[in-house]
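Student: Can we go through this one together? I'd like to talk about cavities and aromatic rings.
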Amino acid sequence: MKALKTIVFVLTIFTTSVVADRILHTEFNPGCQMEDYCSKLSKLTYIRADGDNDTVHFVLDATLKPSLVIIITNKDAAIKVNYTSDPKNSINFTQSPLYTFASVFNNLYEFNDVNDTANMKNSDNFLKMDFKKFNWNTSQSINNNNESVEIILSANSYRGPRIEKSGIVSITLKVYGKKDTGSLLPHLVHTPDSGELTLTLNNLNTNFTKSRFAVELLTSSSFPFNKSEELSSNTFSDDKLSGGTFLNYLLNAKGNVGGGGFLSWKPVVYKAKNTHALNSSATTQYDVQDHPFENDWINTPLYKLYGNSLFGNNSQLLLKSISVSFGQPNDGFYAKSNYTYWTFLVGIGTPPQTILGFLELSIIASLLLMLSITMILIFCIFMRWMSSKRNSIIYGQ
């Protein structure tokens, strides 16, 4: 049965890679008949992306830990949400999902970078802030002719043990019905099977004189891509779209076949609303870790989908975590601008490829021009040789 499901899913992923466009539909707390009642229990935004042969469901949940779950199903499958105080198994589909991949904002870290190394591992003094303790609100929803959707989650305070934060923390999700590039730097290439997430830290009060911030993300991948998860990087030459960023990181869930869920980002963070290369700094990526801790996962929509089957030896889900910190040595720390803007992709299937940059296109154009000139010269030499040979034969007679 699992083998059959794998074959069906692989064929589905292949089909979605061929059919690029999807029609988007957005709904807040889907299926709710009493909004006042539901909104007290749930802050769930649902984006349905219909293709010709299947449907990709984006579930953005800000009830506790902000989470994005991407589910691929057959085309006719519909979501069913049970709005009760018990979240376990409260989200279902009318047909079994073919594949599920998720990204969860688990913790926000503030660390004192005394030696200005921009590496969280070198700091002994840091604060851990659980994302569920921010007061999240869905502040804006934009739907442009069913071709793009933008959802903004924002919080202006944090209340935790011995920690109080003021300032704005926001998480923006952008989903597009067509393959394209992001409107702002670093201009990530997205597909209809991926969502673009941006974390913004604006005017947060800090506890240290040399504060930097980092985020811990959780990832979950279902069968058949639940064997392992690997972080890799690839380099490319001058890419005009990314403003001088020459590296791309890919966190990819793997199984017996390729095409599982992924996170993808360029190691750049912006320190001003004007996302210009002059306002950029770097990120530091840390090792992928196993994350079986139930207390974190029960605060996510995955618990609403899978219940207790999310945990234990019989779980079919790969549960991992990765941390990314913001800043580089000598950039003035967070206090220099009191602003951080970081964007990454969450998707399923084949990760989108970076578009060729100006330098690459220039090299290709130069080679083609040189090849054309060479061919013309060879042709001229050949014609001259033929003419000379014909004249020698004629005059020789």
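Tutor: A word on residue classes to start: Ala, Val, Leu, Ile, Met, Phe, Trp, Tyr, Cys and Pro count as nonpolar, Asp, Glu, Lys and Arg as charged, and the others, Gly among them, as polar. Note also that this is a predicted model.

Student: How many cavities of 30 Å³ or more are there?
Tutor: The count is two. The largest cavity has a volume of about 80 Å³.

Student: How do the residues lining the largest cavity divide into nonpolar, polar and charged?
Tutor: Five are nonpolar, four polar and three charged. The lining includes Arg212, Phe213, Lys271, Phe326, Asp331 and Tyr334.

Student: Which strand gives the most to that lining?
Tutor: Strand E15, residues 211-221, with three residues.

Student: Switching to rings. How many aromatic pairs does a search of the whole structure find?
Tutor: It finds 15 aromatic pairs. One of them is Phe105 with Phe344, a tilted pair at 6.0 Å centre to centre and 55 degrees between the planes.

Student: Where in the chain are Phe105 and Phe344?
Tutor: Phe105 is in strand E7 (residues 99-112) and Phe344 in strand E23 (residues 339-348), so the two are distant in the chain, 239 residues apart. Both Phe105 and Phe344 are buried.

Student: Why is the pair of Tyr270 and Tyr341 edge-to-face?
Tutor: Because the planes are at 65 degrees, with the ring centres 6.3 Å apart; over 60 degrees counts as edge-to-face.

Student: Is Tyr270 buried or exposed?
Tutor: Tyr270 counts as buried, at 1% relative accessibility. Tyr341 is buried too, with a relative accessible area of 9%.

Note on methods
Residues numbered from 1 in each chain as written. Predicted model: local features only at pLDDT ≥ 70, side-chain atom pairs only at ≥ 80, totals over all residues. Heavy atoms only, no water. Phe/Tyr/Trp six-rings, centres within 6.5 Å; stacked < 30°, edge-to-face > 60°. Helix = DSSP H or I, 4+ residues; strand = E, 2+ residues; numbered from the N terminus. Buried < 20%, exposed > 50% of the residue type's maximum accessible area, 1.4 Å probe, protein only. 1 Å grid on protein atoms, 1.4 Å probe; cavity = no way out; pocket = protein on both sides within 12 Å on 5 of 7 lines; lining within 4 Å. Points joined across faces, edges and corners; volume = space filled by probe spheres on them.
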